[in-house]
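Subject: Structure handover

Hi,

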Amino acid sequence: MILVPTSTGRQALAVQDALFTPSMHTVFMLCDGQRSMGQVLSATAGLGATSEDVRTLLELGWLRAGTQQETAASAMDERTASLALEHARYVEGYRWARQLTTGLGLRGLRLLLAIESATDYQQLASLVPRIRDAVGSARAAVLELVLFGDVQEKVVPPSRASW
């Protein structure tokens, strides 16, 4: 039986749920949808993990039985969704970063060129401290919200007259 972590299991791991014993944690980490229960138990036998740990994880709903094709497809869906969110944040963040730095005039030219050469989310996110230093924390807060926060609604940039 192939073991697959569930979203509730990932969430419990992220918040370091008290029910996770060290051996259960090890078993959970090895259940990636590629290994069978026997492979996981043989790999963790020296660490004290038992089939009881697997049974507990299954009962809690933190693991479930799955197939390799199913887990590969779900991993691909999660990765695609993650890339789509990253791209959306990059596009909106790029717009905000340009708007914030164009108001700086010549003193912000190098920063503006660095923003324009940023081709992905990570590169743009690495420029946030420089943008914050140049425009101030209050004005850069919107950019940080767009890039790093959960943006529920599209924020309209302020007009230059309000700066």
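Below is what turned up on the core, one glycine and the aromatic rings.

Keep in mind that this is a predicted model.

Core first. The largest nonpolar core has 19 residues. Ile 115, Leu 124, Ile 131 and Leu 143 touch the most other members. Two or more residues each come from α5 (68-102), α6 (109-117), α7 (121-126), α8 (128-135) and α9 (137-148).

Beyond its neighbours within four places in sequence, Leu 124 contacts Tyr 90, Gly 93, Tyr 94, Ala 97, Ile 115, Ala 118 and Leu 147.

Next, Gly 93. This residue sits in helix α5. Gly 93 has 0% relative accessibility, so it counts as buried. With neighbours within four places in sequence set aside, Gly 93 is in contact with Leu 124, Leu 143, Val 146 and Leu 147. Take Leu 147: it is 54 residues from Gly 93 in sequence, yet their C-alpha atoms are 5.8 Å apart.

Last, the rings. The count is one aromatic pair. Tyr 90 and Tyr 94 have ring centres 6.0 Å apart and planes at 40°, so the pair is tilted. Both tyrosines lie in helix α5, four residues apart, about one turn of the helix. Tyr 90 is buried, at 15% relative accessible area. Tyr 94 is partly exposed, at 23%.

Best wishes

How values were computed
Residues numbered from 1 in each chain as written. Predicted model: local features only at pLDDT ≥ 70, side-chain atom pairs only at ≥ 80, totals over all residues. Heavy atoms only, no water. Core = buried A, V, L, I, M, F, W, Y, C linked by side-chain atoms within 4.5 Å. Buried < 20%, exposed > 50% of the residue type's maximum accessible area, 1.4 Å probe, protein only. Contact = heavy atoms within 4.5 Å. Phe/Tyr/Trp six-rings, centres within 6.5 Å; stacked < 30°, edge-to-face > 60°.
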